[in-house]
Amino acid sequence: MEFIFLVIAVFTVVTALLAVLTKDRTVSILAAGASGLFGSILFIIMAAPDVAMTEAAIGSGLTTFIFFFALKKIRSRDNG
Amino acid sequence: MVKKGFTLLMLGGLGSILLKFVLDFKEKLALPEVSAHYVQNGPAELGAPNVVTSVVVTYRGLDTLGEVTILFAAAAVVGLLLHLNQNKVENRTEGSELLKTGSALLFPLIILFGTYVFLNGHLTPGGGFQGGAIIASALVLSILASPNRKIGHTALGILESLSGVSYVILGLAGALLTANGFLNNRILPLGEYGTLFSAGLIPVIYSIIGLKVGSELSSVVIGLKGESDEEAHQ
Amino acid sequence: MIGTIAIVTGVALVLIGLWAVLTNRDIIRMIVGFSLFDLGVHIIMLSVGYISGGTAPIIESLSDIGKSTVDPVPQALVLTAIVIGLGITAFMLTYAVNMYEKKGTLEIDKYEELKW
């Protein structure tokens with residue numbers, strides 16, 4: 001169990017680094033969402049199921065949605 | 001060059017403080033006193049198997065009231081700022097056939113699942129915040145499939161305000177009727193342990209919080225997406 | 001062991017998020033950095049409440065109270081904090097959209113009204 005925890009923790013940090021170092025905005029937003037999902041797996045292994053549900057629904061789902069909606073608003077003013 | 005040095009200085013400073021914190025960290029072996037009281041006396045006093053729910057709703061109910069207020073303020077400011085810059089938006093392309101059929105099938109199921117999650121918040125992991133977020137995701141799916149549909153903003157606004165007001169009224173009723181404090185949950189009878197209608201006022205309060213959070217997050221997300229042309233003309 | 005790994009992950013995420021805020025000049029990437037910072041702080045808060053060998057704080061029947069569970073109070077605080085984090089992110093993005101409409105650019109170096 002601790003080995004699995006270590007692997008998932010490494011994935012969380014690696015996707016966070018990917019979100020910060022990449023040049024493309026879309027990849028950055030998606031990598032932040034993926035980091036939130038790996039974080040929710042960490043919360044489950046730490047015996048916190050309520051927090052894991054909330055992080056998966058809000059931190060990974062709704063945050064990515066609002067980032068893309070705001071990006072779309074910016075791009076539509078850009079082209080029009 | 002100065003900027004880079006300054007950045008490294010800030011990161012280094014924060015890193016050294018946190019490093020000392022990490023090095024002194026030892027895992028705990030027993031619960032602290034307050035949490036031990038909540039875990040041992042919570043289910044017997046309040047009748048809810050989920051200890052986190054009883055902490056959020058009853059033992060630390062005032063923090064939940066503050067959080068509901070902050071969410072309301074953030075949603076109000078987002079609505080205000082987006083409304084000031086309301087430009088006319090061109091007609092959007094509809095979703096494909098697959099997306100429309102899939103969302104028509106999934107939308108009632110997701111709403112049902114979200115309602116189940118916040119109704120059973122005191123028995124299984126879950127509760128008002130999680131159920132509200134699931135309901136907001138269902139609304140986002142429906143607006144992705146047919147972007148030209150009007151969403152009743154007034155209906156969402158009325159639902160949200162009613163839920164907020166009834167949460168405060170229930171809390172004051174606990175303070176006035178039983179003389180045991182704000183958001184006391186023994187106004188309703190405790191019932192049998194582990195059934196749906198147990199734990200006094202906790203399912204009612206969590207359902208109200210679930211409706212409030214769901215309608216609030218929906219209006220924030222849909223407001224960021226923008227309105228269609230027919231709404232701007234009327 | 002789990003607690004130590006969790007707190008190191010949390011500290012790493014805090015430093016990565018803060019680095020993203022300080023070195024990027026594009027508003028959207030600064031907001032992504034804030035989101036990562038938030039996640040790191042939540043992981044640190046939960047790892048402080050972890051008890052070795054504890055189980056989830058859900059008590060099946062009233063005679064079961066002898067088992068050791070993890071601390072429920074930090075979990076309640078993190079639950080609230082995640083929802084507030086979403087509200088603040090939505091707030092920041094609304095400001096970013098408004099700023100783009102006034103000036104036409106998302107680089108914060110071009111906003112010079114508040115400089116001396």
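Residues are numbered from 1 along each chain as its sequence is written, and chains are lettered from A and ligands numbered from 1 in the order in which they are written. As the model is predicted, local features need pLDDT of at least 70, side-chain atom pairs count only at pLDDT 80 or more, and totals for chains, interfaces and linings use all residues.

Confidence comes next. The model has an ipTM of 0.90 and a pTM of 0.89. Within chain C, the element with the highest mean pLDDT is helix H2 (residues 27–48), at 93, and the lowest is helix H3 (residues 72–103), at 90. Helices here are DSSP runs of H or I with at least four residues, strands are runs of E with at least two, and both are numbered from the N terminus.

Now chain A. Its secondary structure is three helices and zero strands, in the order α-α-α along the sequence. The radius of gyration is 15 Å, well over the 12 Å from the globule rule for 80 residues, so chain A is more spread out than a compact globule. That radius is taken over C-alpha atoms, and the rule is 2.2 Å times the number of residues to the power 0.38. The C-alpha trace spans about 55 × 25 × 10 Å along its principal axes. Of the 80 residues, 48% are buried. Buried means that 20 or more other C-beta atoms lie within 10 Å of the residue's own, exposed means 12 or fewer, and partly exposed is in between, with C-beta atoms placed from the backbone.

Helix H2 of chain A covers residues 25–45. Its 21 residues should span 30 Å at 1.5 Å a residue, and the end C-alpha atoms are 31 Å apart, which agrees. The expected span is 1.5 Å times one less than the number of residues. Buried residues in this helix include A:Ile29, A:Gly33, A:Phe38 and A:Phe43. Just after the helix, A:Ala47 has a positive phi of about 65°.

Chain C also reads α-α-α, with three helices and zero strands. Its radius of gyration is 20 Å, well over the 13 Å that the globule rule gives for 116 residues, so chain C too is more spread out than a compact globule. The C-alpha trace spans about 65 × 25 × 20 Å along the principal axes, and 51% of the 116 residues are buried.

How enclosed is H2(C) by the rest of the structure? Of its 22 residues, 18 are buried, so H2(C) is largely enclosed. The length also checks out: 22 residues should span 32 Å at 1.5 Å a residue, and the end C-alpha atoms are 32 Å apart.

One residue of H2(C) is C:Met30. C:Met30 is buried, with 20 other C-beta atoms within 10 Å. Not counting residues up to four places away in sequence, C:Met30 touches C:Ala20, C:Val21 and C:Asn24. Contact means C-beta atoms, placed from the backbone, within 7 Å. C:Trp19 is eleven residues from C:Met30 along the chain, with a C-alpha separation of 9.4 Å.

For contrast, take B:Ala155, in helix H7 (residues 153–178) of chain B. B:Ala155 is exposed, with 10 other C-beta atoms within 10 Å.

On to the interfaces. Between chains B and C, 44 residues of chain B are in contact with 38 residues of chain C. On the chain B side, H4(B) gives the most, with ten residues. That side divides into 32 nonpolar, seven polar and five charged residues. Nonpolar means Ala, Val, Leu, Ile, Met, Phe, Trp, Tyr, Cys and Pro; charged means Asp, Glu, Lys and Arg; the others, Gly among them, are polar. The contact between chains A and B takes 13 residues from chain A and 16 from chain B. The chain A side of it has nine nonpolar, two polar and two charged residues.

Last, the core. The largest nonpolar core has 101 residues; such a core is a set of buried Ala, Val, Leu, Ile, Met, Phe, Trp, Tyr and Cys residues joined through C-beta atoms within 7 Å. Among the residues with the most contacts inside it are A:Met46, B:Val221 and C:Leu36. Beyond its neighbours within four places in sequence, C:Leu36 is in contact with residues including A:Ala16, A:Ser35, C:Leu13 and C:Gly17.

Terms used:
Contact = placed C-beta atoms within 7 Å. pLDDT = per-residue confidence, 0-100.
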